[in-house]
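Here is a short briefing on pockets and nonpolar cores. Look over the sequence and the model before reading on.

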Amino acid sequence: MNFLRRLFGSPRSPGTPQERQRLDHRAETLPAGYKRLIQGQPLEVHGESHHRAEIEAAVGRRPEGHQDIVDAMLVLEPDNQWDPNAIAVQVAGRTCGYVPKLDAKRYRPVMEWARAQGFVPVVRADVTGGWQLPDGAWADFGIRLYLASPNKILGQPEPPPPVPSREHPWAGQVIAFTGDNRCVIAGERLDRARSEELARVAGMEVHERVTKKVQLLIDRDDQTVSGNQRKAIEYGIPVVHEAEFWAALGLTVETI
C-alpha cells in the first residue's frame, strides 16, 4: 500500500533538511499496468502555472520550495479541445501540465504502442520551484521530464544527424542567439548548446550575447523582444527568425 500511496496518493512528509532539498517520491516497484520508459534528454513540461493546486496536492507546499524527483504518468487526452495529440503529465494521479504540443505529436506513436501493450507510461520527472516570495506570494513550479527519443523507446533506428550546409549567406560571420528554442530538427529539439554546435559546423562563430562584433542575431522567440534584440536594433545588426535561419542552412525544421 505504501508504494501505491507514493505513486498515486499523497507524498510522504519531508524529513531531514537534506530530504527537503531533494525528495524522491518515486515508487521502486510500479503496480501492474504501469511501466517506466527509457530515460533520455530533459523535456520541459508546459502549463504548470495553470495547475498549481494540483502540483501542490501532489508534492506539498514548502516555503523553501522544491527540488523533487517524482514518477510522472503520461496519459493521452484524445478529446482535448486544443490538441487531439495532447499528453497530460500526471503526478500522484493529478494532471500537473502537458507535454509540449509538437513533442506530443512526436510521442504519439509511443503512446499508441503503450496502449496496445496494455500499460500506462511512467517517466522520471523533476519538480522545482514553488517557494514563498518575500511579499508572501508563491513562485511558479517547473516540471522537467526525462525520456528517450520516440525511436529509441520503440526500438527503431534513429534518423541520421542533421548536417548543415556551409553554403549560406552568413558563412564566416559572427552570430548570436536570443530567446528560447522553438525548433525541432530530425526529431531533436534544439537546445542552445546544440544550436551553437550546428552553427559552428556551418562555418560561423557564435557569441553568447550581442556586441558590436556580432553580424547576425538569430531570434528564437518571436513572441517577445529580448535585451539582445534591442541591442541588435540599436547596433543595426540584422535579425532573422530561427526557422528561417535553419532552413537557409538546408535543414528541415518543425516549429513548436
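A nonpolar core is a set of buried Ala, Val, Leu, Ile, Met, Phe, Trp, Tyr and Cys residues joined through side-chain atoms within 4.5 Å. Keep in mind that this is a predicted model. In soluble globular proteins, nonpolar side chains tend to be buried together.

**Nonpolar cores**
- The largest nonpolar core holds 31 residues.
- Leu37, Leu74, Ile87, Val99, Ile143, Leu145 and Leu147 have the most contacts inside this core.
- Two or more of its residues come from each of these elements: helix H3 (52-59), strands S3 (66-76), S4 (87-91), S6 (120-129) and S7 (141-146), and H4.
- Helix H4 supplies the largest share, five residues.
- Leu145 touches residues including Leu74, Val89, Val99 and Val123, leaving aside those up to four places away in sequence.
- A second, separate core has 19 residues, among them Trp170, Ile175, Cys183 and Phe245.

**Largest pocket**
- Its volume is about 1100 Å³.
- It is lined by 39 residues, and Gln41, Pro42, Glu188, Arg189 and Leu190 are the closest to its centre.
- Elements giving two or more lining residues include strand S2 (42-44), strand S10 (188-189) and helix H6 (192-201).
- H4 gives the most to this lining, four residues.
- The lining has 16 charged, 14 nonpolar and nine polar residues.

**Second largest pocket**
- This pocket has about 350 Å³ of space.
- Of its 16 lining residues, His46, Tyr98, Val99, Pro100 and Lys101 are the closest to the centre.
- Its lining has eight nonpolar, five polar and three charged residues.

Note on methods: Residues numbered from 1 in each chain as written. Predicted model: local features only at pLDDT ≥ 70, side-chain atom pairs only at ≥ 80, totals over all residues. Heavy atoms only, no water. 1 Å grid on protein atoms, 1.4 Å probe; cavity = no way out; pocket = protein on both sides within 12 Å on 5 of 7 lines; lining within 4 Å. Points joined across faces, edges and corners; volume = space filled by probe spheres on them. Nonpolar A, V, L, I, M, F, W, Y, C, P; charged D, E, K, R; others polar. Buried < 20%, exposed > 50% of the residue type's maximum accessible area, 1.4 Å probe, protein only. Contact = heavy atoms within 4.5 Å.
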